[in-house]
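Student: I would like to go through the ligand sites and check each term against its definition. Please start when the model is up.

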Amino acid sequence: MEPITFQLNETKSNISFPDDLGFGKIFTNHIFMMDYNEGKGWHNPIIKPLEDLPIHPATMFIHYGQAIFEGMKAYKTANDEVIIFRPDQYFKRMNNSARRMCIPEVDEKFMLDALKELVNIERDWIPTKEMESLYIRPFIYGADPFLGVNPSKSYKLIILLSPVGAYYPEGFKPIKILIQDEYVRAVRKGLGECKTPANYAASLLAGEQALKQGYTQVLWLDGVEQKYIEEVGTMNIFIKFKDEVVTPKLNGSILPGITRKTVIQLLQEWNMNIVEREITVDEVVERFDAGDLAGVFGCGTAAVISSVGWLTYKNKKMAINNGEPGELALKLFDEITSIQYGLKEDTHNWLTHVEKKEVVVS
Ligand code: PLP
Ligand code: COI
């Protein structure tokens, strides 16, 4: 791969952020971009000013959805250090998605170096208030202008950066979730374990209907029988029963969350009985009725750890922990964010530091 070309705007320090950043609404000044063509492979890596994309109306991904994306975060510590959380894991998952979607894989080491260059240039854009961070969105799309259904022969990879606050309007307050049994998001052997737009498109209608009924998110059941719980629209799900903490085992239709992996590792280290297995929705209802359900939380990059205060299935409304944040969710939130913001030692080697360096502005 040839070296990255830098085409930079004057970068500003003292960027002022709105009080409530929300999620994914503002973007930094620069993006990373590179191209793929058959025979040439990935080439032309460049960091350049953010601008609209010139897109031919026949561009393949618009019609057939051949695209993948990732979502990770960078943080600024109290000492002004810049940290990216587990970027290697996200690039690895991006390549897993790429294989399933007939998209050419990327060199994970090169991607990490490119990301560090971009984040270094945009380090003043990393917000520092509570729950704030820099959301990193790498994505790849099929770029051929062609209306036939086959994998594109050319692709574009872009990394876009967005300063963000809490994903849910509730912040850390417990959220309300509707267990969805009318529509399905993904099926085993389908695309569920990939981070690809189709899964999110499949979730929109149910999400909108749930929102109208006062729910923040939908908990999806398996696509075949609607019997087993799978995941939330943007999070993996954990349930704390009295004797065990459970999460649905990866089965091909669930996204293998990096936060999920982090949570499992922490729970194991805390000697908790964490089990990855099939969980029927009937078991959840029965154990709730038996007074055995002590807490429910979701986890994801955008959402971090989010307590679930209310779960509804058909006409059954379940108030979890009286609608208060669960103790375990609070402990995990505290542990993970303390590591991410550099307040606790990184004993797992989860953090990638972005060294401060000057880049010549052209
Ligand atoms: N499930 C879905 C459908 C998601 O979009 C996400 C967010 O990326 C997750 C789970 C959590 O995954 P991660 O922790 O890697 O962000
Ligand atoms: C994430 O947590 O990174 C997500 O992908 C959630 C959503 C913004 C798609």
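Student: Which residues count as the closest around ligand 1, and how many surround it in total?
Tutor: Ligand 1 has 18 residues around it, the closest being Lys195, Tyr200, Glu231, Thr259 and Thr301. A residue is near a molecule if one of its heavy atoms lies within 4 Å of it. This is a predicted model, in which local features need pLDDT of at least 70 and side-chain atom pairs pLDDT 80 or more, while totals for chains, interfaces and linings use all residues. Residues are numbered from 1 along each chain as its sequence is written, chains are lettered from A and ligands numbered from 1 in the order in which they are written, and side-chain values use heavy atoms, without hydrogens and water.

Student: What makes the pair between Thr259 and ligand 1 a polar contact?
Tutor: A polar contact is a pair of N or O atoms within 3.5 Å. A polar side-chain atom of Thr259 is 2.5 Å from an oxygen atom of ligand 1, so the pair qualifies. The side chain of Thr301 has an N or O atom 2.5 Å from a ligand 1 oxygen, and for Arg93 the distance is 2.7 Å. The protein covers 96% of the 380 Å² of accessible area that ligand 1 has on its own, by the Shrake-Rupley method with a 1.4 Å probe.

Student: Which residues surround ligand 2?
Tutor: The shell consists of Phe23, Gly71, Tyr135, Arg137, Tyr167, Lys195, Tyr200, Thr234, Thr301 and Ala302. Five of the shell residues are nonpolar, three polar and two charged; Ala, Val, Leu, Ile, Met, Phe, Trp, Tyr, Cys and Pro count as nonpolar, Asp, Glu, Lys and Arg as charged, and the others, Gly among them, as polar.

Student: Which atom of Ala302 lies 2.8 Å from an oxygen of ligand 2?
Tutor: A backbone N or O atom of Ala302 does. From side chains, a polar atom of Tyr135 lies 2.5 Å from a ligand 2 oxygen, and an N or O atom of Lys195 lies 2.6 Å from one. Of the 280 Å² of accessible area that ligand 2 has on its own, the protein covers 89%.

Student: Why is ligand 2 said to lie between domains?
Tutor: Domain 1 (5-165 + 343-354) and domain 2 (175-325) both give residues to its shell, so ligand 2 lies between them. The bounds come from an automatic or database domain assignment. The C-alpha centres of domain 1 and domain 2 are 27 Å apart.

Terms used
A polar contact is a pair of N or O atoms within 3.5 Å; within protein, one must be able to donate a hydrogen and the other to accept it, and residues adjacent in sequence count only if both atoms are side-chain atoms.
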